[in-house]
Amino acid sequence: MTTIPIVRAAHLLIYVDALREIGAPVDRALAQSRLPGWIEDKPEAYVSLPLVLDWIGKCSRDVTVPELGYMAAEKMSLAAFDAAMEVAVLSAPTTYARIKAISRLAHREDSAVVLRVRQEGTNFRIFCDMPDFRDTPFYSFAEWLNLAGLTSLVGAHAGPAWHPVEMTYVCRSPQCDAALDTHSNTRILSGQPYSSILVASGVLSLPDMQRPDSGSTPLPLIERAEGWDFVSALRSVLRPY
């Protein structure tokens, strides 16, 4: 049975804050939406991912996707993540172990996210993808937070001076100047078939014997966690009511 795509409300609230900063009528838009009225009081609750993306898209008509995505990405931090995710990530001994923890627990943040990795020469590409949503109109709002979250989680272990070698976005719109300035040491590509960051192998601190085999086929970092089934996802969405 297909699961219900859900996301923690905390991620929507990052966009709520960004939209308020640009003067969007957030309160009115929330009151008129199908999102629950308690959304700002329960960041740990789960809400419908399609409703969230649709709401952000309708509220952001006065700003480009890259501009709003960048504003939201700048607000992303470890504090936005589920407590179990934060503990697992901070206790990981290496960046590679941290990525494994992210892969195992990503479903606690967003049931549609899939992480995988492949080796590309001396680098590793980490995909943070949502295959079932890639062709939807407002997918790019999700990918901005996904890549910002992944970069934040890796950077917290690799140090403040670290930056990805490359970031790829499905969004076809050119990146805003602020994003290009912030990531001046990173190659940023738009209109790509996947969302990803490229990380130098040394950052992973991974012994040769444990590295994934090189090849063109993306490989799962680990066995994907059980995640959500239809019933558990439905219960999580309905529980706060």
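1. Helix H1 (residues 9-21) packs with helix H3 (residues 49-59) at an angle of about 10°, and their axes are 11 Å apart; helices here are DSSP runs of H or I with at least four residues, numbered from the N terminus. The axes are lines fitted to C-alpha atoms over the stretch in contact, and the angles run from 0 to 180 degrees between N-to-C directions. H1 is therefore roughly parallel to H3, a term for angles under 35 degrees.

2. The model is predicted, with local features needing pLDDT of at least 70 and side-chain atom pairs counting only at pLDDT 80 or more, while totals for chains, interfaces and linings use all residues. Residues are numbered from 1 along each chain as its sequence is written, and side-chain values use heavy atoms, with hydrogens and water left out.

3. On the H1 side, Leu12, Tyr15, Val16 and Leu19 meet Val52, Trp55, Ile56 and Cys59 of H3, where contact means heavy atoms within 4.5 Å. The contact of H1 with H3 has eight nonpolar, no polar and no charged residues; Ala, Val, Leu, Ile, Met, Phe, Trp, Tyr, Cys and Pro count as nonpolar, Asp, Glu, Lys and Arg as charged, and the others, Gly among them, as polar.

4. The largest cavity holds about 320 Å³ of space, a cavity being a set of points on a 1 Å grid over the protein atoms alone where a 1.4 Å probe fits but cannot get out. Its volume is the space filled by probe spheres set on the points, which are joined across faces, edges and corners.

5. Of the 25 residues lining the largest cavity, His11, Asp110, Val113, Leu145 and Asn146 are the closest to its centre; lining residues have an atom within 4 Å of a point. H7 gives the most to this lining, with seven residues.

Conventions: Helix = DSSP H or I, 4+ residues; strand = E, 2+ residues; numbered from the N terminus. Parallel < 35°, antiparallel > 145°, perpendicular 65-115°, else oblique. 1 Å grid on protein atoms, 1.4 Å probe; cavity = no way out; pocket = protein on both sides within 12 Å on 5 of 7 lines; lining within 4 Å.
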